[in-house]
Amino acid sequence: MSENPTPSGVRRREFLKILGAGGVATAAIGCSSDRVEKLIPYLNHPDETVPMVSNYYASTCRECSAGCGVLLETRDGRTFKLEGNPDHPLNRGALCARGQAAVQGLYNPDRYRGPMMRNASGRLVPTTWDAALKLLAQKLGAVQGSGRAGSALFLNRHESGSFPAFLDEWLAAYGMPAHLSVDPLADNAVIAANRQSYGVSWPWLAFSAARLIVSIGADFLDAWGANVPQQLEFADARARLADAPRFVYVGPRRSLTGCNADQWIACRPGSELAIANALSGRGSLDDAATASDVPVATLQALKAELTGTRPPLVLSGVAAGDAMELALVVNELNKQLGAVGTTVLPDRAITSFDGIATDADVNAAIDAMRAGQVPLLMIRGANPVFTTPRYVAVADALKKVPFKVSFSSYPDETAELCDLVLPDHHAIESWGDAQPMANVISVQQPGMAPVYDTRQTADVLITLAKANPGIASKFAAPNYMRWLIDRYPGGSTAFTLALEKGVGTGAVAASPAPRRPAVTPKAATPIGQTAGDMYLVVYPSAALGDGSGANKPWLQEFPDPVTKICWQSWVEINQQTAVKLGVDTGDILRVETAQGAVEAPAYVFMGIHKDTVAIPFGLGHTAYGRYAAGIGVNPGDVLPAGFDAKSGAFAWTATKATVTKTGAYTPIVTTEGSARQHGRGIAQALTVQELADLAAGREKEKVEAMPGMPNTEYLPGLRSPMAADAQGVVSSDIKHKEQGMYSPDHWSGMAKRRWAMTVDLARCTGCQACVTACYAENNIPTVAAPYQEVHTAFLHGVAGGNILKGREMNWIRLERYWEGGEDGGDFEARFVPMLCQHCGNAPCEPVCPVYATYHSPDGLNVQVYNRCVGTRYCSNNCPYKVRYFNWFGYGEPARPQYAWPERLSWQLNPDVTVRGKGVMEKCSFCVQRIREAEHRAKAEGRAVRPDEFTTSCAQACPSRAITFGDAADNDWTVAKLALDQRGYHVFQEQLNTFPAVVYLKKVNHPAPAASAGA
Amino acid sequence: MATVTRPDEDVLRLGPNIPHANIQLPGVAEYEQVTREIQRTLYPTKLWFAGLSFAILCMLIGAATWAWQVYMGLGVAGYSPPVMWGVYIVTFVFWVGIGHAGTLISAILYLFRAGFRTTIYRCAEAMTVFAIMTAGLFPILHLGRPWKFFWLIPYPSWRLIWPQFKSPLVWDVFAILTYLTVSSTFLYIGLLPDFAALRDAEPRPLRKHIYGVLSLGWRNSELEWRHFARAYLFLAAFSTPLVLSVHSTVSFDFAMADTPGWHATLFAPYFVAGAIFSGIGMVFTIIIPIRRWFHLKHYVTLNHLDAAAKLCLFTSLVVGTAYLTEFFIGWIGGNSIEQSYWWNRVFGQWWWAAWVMLTCNCVLPLTLFVQKLRRNTTWLFTLSIFINLGMWFERFVIFDPSLSHEFEPWQWTRYAPTYVDWAILLGSFGWFTMWFMLFIKNFPVVAISEVKEIVPPRLRTPHPVEGIEVTGMHLEFEPETPGERD
Amino acid sequence: MTKRRKRVVVPGLAALAVVAVLLSAYTGATQQPDTVIKDRGSWGYSAGSSPQGRSPIQPIAFPHPTHVQTLGMNCLYCHFSANKSPDPGMPAVGTCMGCHLVIGPNRPAMNGRPARKSEGIATLQKYWAQKKPVPWVRIHHVPDYVNFAHMPHINAGVTCQTCHGQVQQMNRVYQYASLNMGWCINCHVGNVNPKWKARYDCSVCHY
């Protein structure tokens, strides 16, 4: 981290951002160099940095509670990309979409620029830190003086590590009770059950050890638990192909996790416990069947399979009044079936969720506020006004608190109601640590100097304490960093070592404070007894989590992995029910409960039980910035008060609702065209049986020889004349033909390589982390914010306008095709990442009149932005439709469509051109990384090493499904994978395009009884 | 001793079914009358000024909208990827097509000595030139970065980069420019003697001077006529292959692509037939009002229209056959992707466009089998409007359903043009009409010299047999050379 | 007749000439890579798309000859990252002050040379006193769609002077080369020095 971030760093980005315009200006006035530019040097050069060369600072991701390790890619004093830390035991180098998007939180245009204070007229106005701190100190003094310190409150967004301990120490010093650690996404019921059964809050789930996975509503690939490690494990399990576990998903709604299951058992919400009892032999199958609306035979078969398969892994993750009971039953079941110790590993427990306050505790605290018992409220990170269902009326409760302090960095609903805002650093600007697993400390360090005039809360608290003569002695450390180092096991040396890898060993300081007395929460009424004609399921959105992601354009434009809807809320409704109600996709439905009503367009969906409607949680903000406010609806508005009495977990699935058709209509903002493959073999799959046949050579891979095709021995899958040329396979055939750079004997040796990619569909879960990774690496604009005017009738200022026009720019997109299910029965979801195939015979290349796209000798299909005149012929001719056009000046600050309002532009990758208006763009196989690696190799006087680098998507993928490399060099992993018997090309048979992307067929595990083909 | 006979009554009645009859102009008695009546059309009228200013208004609307589009980006138009080509390319091909009838009529029919062309070819040729001028705008104004259009033109550059000669779009550049050059030259050469005639007949000094300049000093000498005839014949022969090649090249923009519905060997002949069909449609749209307003009914006679209508009917049948062939190939090809596309074209989201096309181009023209309708100018005019509409929709149906229903089902989409697309389409009509308006009041809309060629000459001496007026059919007396007396 | 022809021909040719000039101006077709127009002032630049020969006034008239020739300093001493980064690196003010804390603006007369007062050093020290960086004016600039990296060139043995000219002799630095694409390619294909041949397809620099 450099003390004085060089302005030239800023300039570079400012200028990259203008670049689109630059290109245009170049064209318009023939010379872009007329600007007088300044070269601003450092005043003093920071030792560890080299201009335009990235430093990577190991740190910890704070986007959710899991605490994955990240590397902050920092250049010239700006952190512009987050990458997974390979040395971290939790995420092993992978990173989910929410983690990737942290930088957009850092540079968020709507962040507080500095401290804010409520003035006489009751409006929040900027103030100075001195004034703000003076006011807070005085209020603290007053509270202490009045002797009511004991009932002051501190709500902190949950994070594992030392901070909770520090915070409680500080509060104790002021005579205040321990803080409440808030995480709306945490499954309190399962945590409580795990504590009871295993003594740990979250045992390690070893999917790869299991032979059968049964998940009862546990969305371990969405937002349930620590999803990155879970996804890594699950993908590893699936990668065992024939030996891979069969996966059965039981639940009312087919989530992303459910879509990865081989079988989906649709049950009524609230009936999961009955099913679990039946499976574990506690209850009868018939009761379960009647309660859950599942055929007895199905349950019978599942039970038989469960008892017959060793070891299985059973998970439960419902959010209902009986959640903990269910979890306990499931844990028992795991014990019975010998899963504990093999697939459920308490001794490798994930400790990130320790210390989370239950929803009931938070609720009690809010009640205390409403009762006017709270003299002082401090909130950091948490946003209860949004995340707590409206019945709680948090806003009213807050009004009863005489003085409220927010440490939020963003103008969220809660902060807007506070009297004093002391904006916290973003995690990327702060020091800290986390304890993701026992004896593992994940350290957190800043990647750069603060973007705005913010201060890390811990430092603020220390400053306050120092100012208070009574307790100054307790806080000797000058700042939180020193405080951390002092407490760090092994002291500063160990700390410094840990900073290099990002992880250290040992245990962080534990909180001295006593546990708060358990409250007895209001038990939820059984969902069956609530009024309404449909069960209402509210689930956390995959991208936006508890709504904290809603102010990040990447996550707003991130299509929901299952429904592919973005910038919008929707109501999922079963197709049979929809026919009954005469509802079609886009019809606005009114979902009404005793607590209120929300209206959102219907999404007709096969994957939801016919008595059920589902609404994602996370949208419907009223504040929180330009990307969040006023988009979608908040289903929390219609939820009743109700908790799991045992664990104090909030019951999200707690009520029925009356669903009526309003008659209004709004188009669904989706990236989906047709959800069926129409037999075109884009996403292909095998059953285990077929795989065995293939292996045994009983079913040969069909390879039709075509004239002029080089020997098929060479790299099956990459049999492109171009590639073959590059390898000199057919160079002899081409007589007297000057191949130039494309000749393998050419002095440049350019044609020696063939960059290629394999995508293993057996591993891919469709999580779309690759999509966000691509946005982050390649300066891809988001195009559909409400302010990004489309200038078209009916789309005026509509969120998602450009996406309704199909103008999303996702260079890599996840296509989700349905197989079967037309009859309303079970169906299969197939995910296929579609990106530029870098065809050997690319149809786009010969049609470009100006050579703006051409084939580089090392196998890249190159798009030259500054040469493109925008005929768009290449896109017409691209069968994969992976070329994206700049319909507006997304890169030009002066325009309404500008995608990076101050200071999102600081995130732009300096290695990648920001495309101007009117040019075509597409996946480049991260050519900037290729060149960087080549330059590095040259500087070190060596060749590029096998697997030395990879593309952004492959690097982020938490399923390890994508492999990139040089297919012409057998030392690269991709060269081996390209030879896999499951490999196939999309549209190769129809079009002879010879793509450089090899897809490896998905492997399905049909039910043992009926092994019907997939 | 020449045998002297009365002119054949049938010949004088000029019944439609007498083969050579339709070249006759019974309403035209003598050369001076031709010059006089054509020159008369060159006096601007209020109606004309109104029309011209309306055309210019439309053009300005289009121009302003385009400026807005260039500033904002192509997003203001209705494109929804993967439909990357929309109304602009549709309109481009539409105008190129219009541009084909002119050369066909003036060149090919000239070589075939089809007499009925004589009075309509001047309008048709002017139409060709202006249509190409209009068409040529669209490839530029649909670009993402129109100010870079010259990169499509091969010129020596410091960057040492040339255009991609494999790209049909580059071929387009050559095709359009060639066609524009040749057809405008052809038009001008044909105009030479007429300029001379007008120069002599024009009372208004300024115009007289301008016609003088334009006639390049035509003195009506034997030598000049010989050169003229040769030049004209040569150009006719030279532009004949262009009629076929230019639109074939344009069709390659699509036939060369792998897009379902485009990738067909049929495209070149199919496009040429369509082009000629649409061109003749447009000829009717233009010539019928002109002969009415300019009182030229005795020049552009019903027989001429009748003959042209037959040509129109024929091309319509060719086009219809092409449509059927497309569907047939789509079906028999057995490619499921093609089949799904063809099904979508006729019964899918764009069924209505497809049926508009089929109705206007295949069904309505069948009425031309009826002679009454062929000779009914009102019906011909109405039909020609339908044909123009139908041919625009033909291009729309070829391009946009294909792009919106391609290989990748995930990217299937809808397409709806916006006010920008429509305004620019309007602008193109304004631009075309503006030029044509200017043309008809400054240049002869009917070829004076060629008409004179088919007007029977006055005889030098009164006919020996009294009672026989000199406007007979027989030519055994040497006619006086046009302009000899000047 | 001839008069009439003139009336047509003269404007026609004029128009053609204008177009030709504009085109060549844009494409820089009229340029040679080694022509240098010196001292055109901070806004002056040669014909063509490139501000070749442009030599802006710098906040400090930094004398390269003194430092390189007289004192024999290596380019990499100040432009420290040219061989290990795409960016050559501008010396931090601290780097300058490393010497100029000692070497002040006023030099007494010594070994035969008269005393002199250096404006430049005075200005430098003023910046340093105010803790302000020196706002140098950029001379060599390529558009942002060109990803030019110094490191591989230096490591391939291309000397600084090849592209920047004899900077060690320039009292005021000017843009030596046109930096046009043709100029780059000319070297990449080996016309300048066969040893420096490098791949020359678009994706080497444009991405």
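**View 1. A salt bridge joins Glu408(B) and Arg813(A).** The side chains of these two residues meet at 3.8 Å, N to O. The model shown is predicted. Across the interface of chain A and chain B there are two salt bridges by the rule used.

**View 2. Chain A meets chain B.** Here 67 residues of chain A are in contact with 55 residues of chain B. Together the two chains bury about 5,000 Å². Carbon and sulfur atoms account for 56% of that area. Three residues stand out: Arg680(A), Tyr873(A) and Asn876(A). They supply 14% of the area that chain A buries against chain B, more than any other three residues.

**View 3. Polar contacts cross the interface of chain A and chain B.** The rule finds 35 residue pairs in polar contact here, both partners at pLDDT 80 or more.

**View 4. Asp424(A) sits in a loop.** The loop runs between strand S17 (420-421) and strand S18 (432-437) of chain A. Is Asp424(A) buried or exposed? Its relative accessible area is 7%, so Asp424(A) is buried; the cut-off for buried is under 20%. The side chain of Asp424(A) reaches the backbone nitrogen of Thr457(A) at 3.0 Å. Leaving aside neighbours within four places in sequence, Asp424(A) is in contact with several residues, among them Arg111(A), Arg380(A), Phe407(A) and Thr457(A).

**View 5. Tyr79(B) and Tyr88(B) pair edge-to-face.** Over all chains, the count comes to 94 aromatic pairs. In this one, the rings lie 6.1 Å apart, centre to centre. The angle between the planes is 70°. Tyr79(B) is buried, at 0% relative accessibility. Tyr88(B) is buried too, at 0%.

**View 6. Phe254(B) and Phe399(B) are stacked.** Their ring centres are 4.1 Å apart, with 15° between the planes. Phe254(B) lies in helix H8 (residues 222-255) and Phe399(B) in helix H14 (residues 377-404) of chain B, so the pair ties together parts that are 145 residues apart in sequence. Phe254(B) is buried, with a relative accessible area of 0%. Phe399(B) also counts as buried, at 0%.

Definitions and conventions
Residues numbered from 1 in each chain as written. Chains lettered and ligands numbered in written order. Heavy atoms only, no water. Contact = heavy atoms within 4.5 Å. Buried area = accessible area lost by both parts, 1.4 Å probe. Salt bridge = Lys/Arg side-chain N within 4 Å of Asp/Glu carboxyl O. Polar contact = N/O pair within 3.5 Å; in protein donor to acceptor, adjacent residues only side chain to side chain. Helix = DSSP H or I, 4+ residues; strand = E, 2+ residues; numbered from the N terminus. Buried < 20%, exposed > 50% of the residue type's maximum accessible area, 1.4 Å probe, protein only. Phe/Tyr/Trp six-rings, centres within 6.5 Å; stacked < 30°, edge-to-face > 60°.
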